[in-house]
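My entries follow in the order in which I made them.

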Amino acid sequence: MRRAIYPGSFDPVTNGHIDVIERARKLFDEVVVAVAVNDQKQPMFALDERLAMLRKAITIEGVRVAPMTGLLVEFAAAENAHAVIRGLRAISDFEFEFQMALMNRKLDEKIETIFLMPKEEYTYLSSRIVKEIAQLGGNVSAFVPRPVAEALAKKLKR
Ligand code: ADP
């Protein structure tokens with residue numbers, strides 16, 4: 001059983017994340033989407049909301065959504081996973097991702113980080129930009145799964 005962890009804030013999940021999950025699932029028997037509980041960032045959506053949106057949006061088999069507290073490498077070891085998936089959009093992602101990957105290797109050398117590139121049309125997509133557009137009254141339905149568009153509309157009461 002080859003298992004990978006795909007960690008992130010998913011505040012909220014976007015079509016870019018879904019694209020990465022689908023690609024990862026082709027490489028691994030199981031992908032655990034790990035939603036960060038203790039996020040440094042102030043999330044728009046509470047943990048339960050982020051988990052629920054992911055669970056509604058992910059329809060493929062072999063993908064599990066779970067909350068993650070503490071260190072990623074410890075979560076990965078507890079899940080018996082040897083790979084961490086991260087999405088790479090542009091050069092701007094690289095520096096931070098490179099630092100994290102090497103730090104995680106230092107913390108646990110058995111865990112490899114694998115970078116996956118999304119479909120080109122998702123390379124400019126981020127949770128932050130989706131929230132900004134929604135807050136300004138824009139239509140985000142092309143960028144996020146339907147349950148997310150609905151949750152954003154509800155939260156922002158439009
Ligand atoms: P974080 O809070 O760790 O930045 P995010 O929830 O924003 O995490 O994203 C988790 C992972 O998904 C990161 O590796 C990020 O680079 C990647 N990601 C985010 N948006 C996209 C996208 N549009 N295409 C590909 N990867 C993405």
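**Strand pairing**

I began in the sheet region and found that Val84 stands opposite Thr113 in E5, where strands are DSSP runs (E, at least two residues) and helices are DSSP runs too (H or I, at least four residues), both numbered from the N terminus. Before going on I noted that this is a predicted model, in which local features need pLDDT of at least 70 and side-chain atom pairs count only at pLDDT 80 or more, while totals for chains, interfaces and linings use all residues. Residues are numbered from 1 along each chain as its sequence is written, and side-chain values use heavy atoms, with hydrogens and water left out.

I then followed E4 to both partners, taking two strands as paired if DSSP finds at least two bridges between them. E4 and E5 pair in the parallel sense over five bridges, and E1 also runs parallel to E4, to which two bridges join it. On that side, Ile5 stands opposite Val84 in E4. Four of the five residues of E4 are buried, where buried means under 20% relative accessible area, exposed over 50% and partly exposed in between, with a 1.4 Å probe and protein chains only.

**Overall layout**

I counted six helices and five strands in the protein, and along the sequence they follow the pattern β-α-β-α-β-α-β-α-β-α-α. The radius of gyration is 15 Å, close to the 15 Å that the globule rule gives for 158 residues, so the protein is as compact as a globular protein of that length; the radius is taken over C-alpha atoms, and the rule is 2.2 Å times the number of residues to the power 0.38. The C-alpha atoms fill a box of roughly 45 × 30 × 30 Å along the principal axes.

Of the 158 residues, 47% count as buried. I also looked at contacts (heavy atoms within 4.5 Å): among those between residues at least 6 apart in sequence, 77% join residues at least 24 apart.

**Loop between E1 and H1**

Which peptide bond is cis here, with omega near 0 degrees? I found that the bond from Asp11 to Pro12 is the cis one, and that Pro12 lies in the loop between strand E1 (3-8) and helix H1 (15-27). Phe10 is placed in the loop between E1 and H1 as well, and its phi is near 50 degrees, a positive value in a residue other than glycine. Phe10 is buried, with a relative accessible area of 2%.

**Two further loops**

I noted another positive phi in a residue other than glycine at Asn80, near 60 degrees, in the loop between helix H3 (72-78) and strand E4 (83-87). Is Glu109 buried or exposed? At 65% relative accessibility, Glu109 counts as exposed, and its place is the loop between helix H4 (91-107) and strand E5 (112-116). Glu109 and Val73 are 36 residues apart along the chain, and their C-alpha atoms are separated by 9.5 Å.

**Leu47**

My last entry concerns Leu47, which I located in helix H2 (residues 47-57) and which counts as partly exposed at 21% relative accessibility. Leaving aside neighbours within four places in sequence, Leu47 is in contact with Val35, Ala36, Val37 and Pro67. From C-alpha to C-alpha, Leu47 and Val65 are 12 Å apart in space and 18 residues apart in sequence.
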